[in-house]
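Dear colleague,

I am handing over the structure below, and after it you will find an account of what turned up when I went through it.

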Amino acid sequence: MFERDNPTSHSYFSQRLRLHYLDWGNDSAPDMLLIHGVHDHCHSWDWLAQSMRDRYHVVAPDLRGHGDSEWSLGSPYAYLEYVQDIAQLVRQRHLPPVTIVSHSLGGTIASVFAGAYPDLVTRLVIIEGVGLYPRDTDPPDERLRHWIDNNYALSARVPRRYGTLEDAYQRMQDTNPHLSPDQARHLTIHGSNLNEDGTYTWKFDNYTRTPRPYDIPNEDLVALWQRITCPVLIVNSHQGYPHRIGQDDTLGHFQDVRLYEIEDAGHWTHHDQLGVCVDVIDEFLGNAA
């Protein structure tokens, strides 16, 4: 089983939500912020955090609606809200200047934050970050109705319950075949809740599944990326998802960027090829310093 020294668990508030984060100690070291992706949680970084904690003060938050953070009731899970939460954590913990390592949705959040506050971020690592999806050409009334209809459908949806933790673990393993059994079990334990009736459900809010009719438009994302002044490392997997940051000619929107592609890895590169991923990040951070 995965062995590590336990981080400490903390809460902070953003827009009246109580949000959770892990602190791996080593306060005198340079600060590193780890931002996970959609339907993940802060413990998805445990292996990478363990490899970095001797050189950095590592902080790993649960995004709103994920892990042990509160759900956002009555509002969409938009990029703007996530960035607000990260800005609040960075301010409250006095993290700047901070190195950010991010994954998937977290990569987009980190890139928006770094574009809005370029002086606060010293180095940025984006693993399989969500890039520029093709523009939705449906009329605005159709997009709005589609969003409302999706919310109606979700209101009637009962989160899937698993009879045992082993059943939830099996689902995790089947969904992410690249994970080792120990990784899948670790992520399942920290990513699920035990219900009163003895069943298990995933911790994330189902409303994070609703596609938003409006968010930061692609042209604004590009403008924010162009404002990032720190060195940027983009790590993608050859077997990862399409429309990642670093694909679709998006490298040209960054001032100081390098791309590294990893073989034999899916979307969760930092799980599937942990050693390679850590080495690539270490080399980048050393060169950037």
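Asp-141 and Arg-145 both belong to helix α4 (residues 140-155), where they stand four residues apart, about one turn of the helix. Please keep in mind while reading that this is a predicted model. The side chains of Asp-141 and Arg-145 form a salt bridge, with 3.1 Å between the closest N and O atoms. Asp-141 has a relative accessible area of 39% and is therefore partly exposed, and Arg-145, at 46% relative accessibility, counts as partly exposed as well.

Side chains of opposite charge can pair when their charged atoms come close.

Arg-18 and Glu-70 meet through their side chains in a salt bridge of 3.3 Å, taken from N to O. This pair links distant parts of the chain, given that Arg-18 sits in strand β2 (residues 17-23) and Glu-70 in the loop between β4 (57-61) and α2 (79-92), 52 residues apart. Arg-18 counts as partly exposed because its relative accessibility is 39%, and Glu-70 counts as partly exposed at 28%.

Glu-166 forms a salt bridge with Arg-185, and here the closest N and O atoms are 3.0 Å apart. This pair, too, links distant parts of the chain, with Glu-166 in helix α5 and Arg-185 in helix α6, 19 residues apart. Salt bridges that share partners also join Asp-54, Arg-55 and Asp-282 into one network.

**How the helices cross**

The two helices that carry this last pair can also be described by their axes: those of α5 (residues 165-175) and α6 (residues 181-191) come within 9 Å and cross at roughly 120°. The crossing in which α5 passes α6 is right-handed.

A second pair of helices is made by α3 (residues 105-116) and α7, which pack at an angle of about 60° with their axes 7 Å apart. This makes α3 oblique to α7, and the crossing of α3 and α7 is left-handed.

Which residues make the nonpolar surface patch of about 420 Å²? The patch is made by Leu-144, Ile-148, Tyr-152 and Tyr-214. Of these, Tyr-214 lies in the loop between β8 (200-202) and α7 (218-226), and because its relative accessibility is 48%, Tyr-214 counts as partly exposed.

**Backbone details to check**

Pro-96 and Pro-97 are joined by a cis peptide bond, for which omega is about -5°, and Pro-97 lies in the loop between α2 and β5 (98-103).

Gln-15 has a positive phi of about 50° although it is not a glycine; its place is in the loop between β1 (8-14) and β2, and with a relative accessible area of 47% Gln-15 is partly exposed. Ser-104 likewise has a positive phi, near 55°, in a residue other than glycine, and Ser-104 is found in the loop between β5 and α3. Is Ser-104 buried or exposed? Ser-104 is buried, because its relative accessible area is 7% and the cut-off for buried is under 20%.

**Two pairs given by their C-alpha distances**

Gln-273, in the loop between α8 (269-272) and α9 (274-288), is 95 residues away from His-178 in sequence, while their C-alpha atoms are 9.1 Å apart in space. At 21% relative accessibility Gln-273 counts as partly exposed, since buried would require a value under 20%.

Ile-234 is found in strand β9 (residues 232-237) and counts as buried, at 0% relative accessibility. Ile-234 and Arg-244 are ten residues apart in sequence, and the distance from C-alpha to C-alpha is 9.5 Å.

Note on methods: Residues are numbered from 1 along each chain as its sequence is written. This is a predicted model: local features need pLDDT of at least 70, side-chain atom pairs count only at pLDDT 80 or more; totals for chains, interfaces and linings use all residues. Side-chain values use heavy atoms; hydrogens and water are left out. Patches are made of residues with over 30% relative accessible area and no salt bridge: like charges are joined within 9 Å, nonpolar side chains (Val, Leu, Ile, Met, Phe, Trp, Tyr) within 5 Å. Accessible areas come from the Shrake-Rupley method with a 1.4 Å probe; for residues, only the protein chains shown count as cover. A salt bridge is a side-chain nitrogen of Lys or Arg within 4 Å of a carboxyl oxygen of Asp or Glu. Buried means under 20% relative accessible area, exposed over 50%, partly exposed in between (1.4 Å probe, protein chains only). Axes are lines fitted to C-alpha atoms, for helices over the stretch in contact, and angles run from 0 to 180 degrees between N-to-C directions. A crossing is left-handed if the near helix is turned anticlockwise from the far one by less than a right angle, and right-handed if clockwise. Angles under 35 degrees count as roughly parallel, over 145 as roughly antiparallel, 65 to 115 as roughly perpendicular and the rest as oblique.
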